[in-house]
Amino acid sequence: MGSKGQVLAALDTVSVNEAVDWAHKLDGAVAGLKLGLEFYLANGQLGYRRIAATGLPIFLDLKLHDIPNTVAGAVKAIAPLQPAILTVHAGGGLAMMQAARESAAENADKLNVKRPSIVAVTVLTSLDDNDLKAVGQAAPVSDQVKRLAALARSAGLDGVVCSPHEIEALRADMGEDFLLVVPGVRPGGAASGDQKRVRAPGDAAKAGADYLVIGRPITQAADPRDAASRIVLEIGSVLGQSGH
Ligand SMILES: O=c1ccn([C@@H]2O[C@H](COP(=O)(O)O)[C@@H](O)[C@H]2O)c(=O)[nH]1
């Protein structure tokens with residue numbers, strides 16, 4: 001993990017065996033794996049450890065969103081797992097994000113392990129301007145993403161989750177060191193499904209994404225490793241490098 005435009009494969013399944021199978025197939029083809037609510041709620045820390053045993057870095061996308069004390073406790077509970085990246089919802093507010101950051105640092109110190117990067121989900125990639133209006137947010141998505149990214153930075157977080165549409169604006173505002181973790185990525189011809197703010201992998205990488213989080217276009221492909229390798233090749237050719 002480190003250079004820009006790296007692919008994290010989202011292993012969205014309740015089956016440990018299926019996730020382990022994908023992880024082995026994708027080892028060496030992607031930079032890391034994403035485990036989210038679906039997998040974690042079904043399999044918990046034991047399931048997580050089965051996937052982490054593959055040795056690939058894990059993006060634990062639990063999107064924590066609660067009062068500060070509860071989120072701090074959740075971050076503490078997760079600390080022994082040592083994910084590379086952990087998500088909270090920026091909509092939880094400044095104090096909640098600060099509590100997450102402080103808990104991550106404190107508990108990593110206690111356990112003498114590396115703390116996870118904490119990134120805040122801004123506006124889900126499945127939402128557009130109309131969806132925001134429907135929940136009472138008048139601002140366009142682009143303004144709301146910028147506002148929440150600035151709040152996340154004030155809270156001392158390492159970066160945000162945003163859609164590929166907001167990468168250029170956030171890079172310009174936040175600089176090079178602020179992590180941009182980007183789902184809503186679709187290679188040519190792939191179905192958008194429930195994603196509303198999407199872009200091609202090469203374009204998202206060129207725009208300055210650190211990590212591209214890609215699930216179904218990889219896991220639902222007839223050959224997941226080949227699908228991932230094609231995406232990495234596309235990114236490499238756009239960035240002028242050989243891959244992740
Ligand atoms: O705003 C967000 C935040 C997280 N995600 C997660 O990314 C993957 C995308 O999967 P696809 O199959 O490529 O659509 C999925 O695990 C989401 O939970 C997101 O899509 N949008």
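Trainee: Which residue does UniProt list for "active site"?
Mentor: The UniProt record, an unreviewed entry, lists K63. UniProt positions follow the numbering used here, feature names are shortened, and annotations may be inferred rather than shown by experiment. Residues are numbered from 1 along each chain as its sequence is written. The model is predicted: local features need pLDDT of at least 70, side-chain atom pairs count only at pLDDT 80 or more, and totals for chains, interfaces and linings use all residues.

Trainee: Where does K63 lie?
Mentor: K63 is part of strand β3, residues 58-64. Strands (E, at least two residues) and helices (H or I, at least four) are DSSP runs, numbered from the N terminus.

Trainee: Why does K63 count as partly exposed?
Mentor: Count the other C-beta atoms, placed from the backbone, within 10 Å of a residue's own: 20 or more means buried, 12 or fewer means exposed, and in between means partly exposed. K63 has 17 such neighbours, so it is partly exposed.

Trainee: What does K63 touch?
Mentor: K63 touches T87, V88, H89 and V121, leaving out residues up to four places away in sequence. Contact means C-beta atoms, placed from the backbone, within 7 Å. K63 also has a positive phi of about 45°, although it is not a glycine.

Trainee: Which loop holds Q82?
Mentor: The loop between α3 (68-78) and β4 (85-89). Q82 has a positive phi too, near 50°, and is not a glycine.

Trainee: Why does Q82 count as partly exposed?
Mentor: Q82 has 16 C-beta neighbours inside 10 Å, so it is partly exposed.

Trainee: What makes G136 exposed?
Mentor: G136 has 6 other C-beta atoms within 10 Å, so it counts as exposed. G136 sits in the loop between α5 (129-134) and α6 (141-154).

Trainee: Which residues of the largest nonpolar core touch the most other members?
Mentor: A9, A100 and V182, out of 72 residues in that core. A nonpolar core is a set of buried Ala, Val, Leu, Ile, Met, Phe, Trp, Tyr and Cys residues joined through C-beta atoms within 7 Å. Beyond its neighbours within four places in sequence, A100 contacts L64, V71, A72, V75, V88 and I118.

Trainee: How many residues surround the ligand?
Mentor: 18 residues surround the ligand, and the closest are A10, T125, P183, G215 and R216. A residue is near a molecule if its C-beta atom, placed from the backbone, lies within 6 Å of it. β2 (32-36), β8 (211-214) and α9 (216-219) each supply at least two residues of this shell.

Trainee: How many helices and strands does the protein have?
Mentor: The protein has 10 helices and eight strands.

Trainee: What makes the protein as compact as a globular protein of its length?
Mentor: Its radius of gyration is 17 Å, close to the 18 Å that the globule rule gives for 244 residues, so it is as compact as a globular protein of that length. The radius is taken over C-alpha atoms, and the rule is 2.2 Å times the number of residues to the power 0.38. Buried residues make up 45% of the 244.

Definitions and conventions: Contact = placed C-beta atoms within 7 Å.
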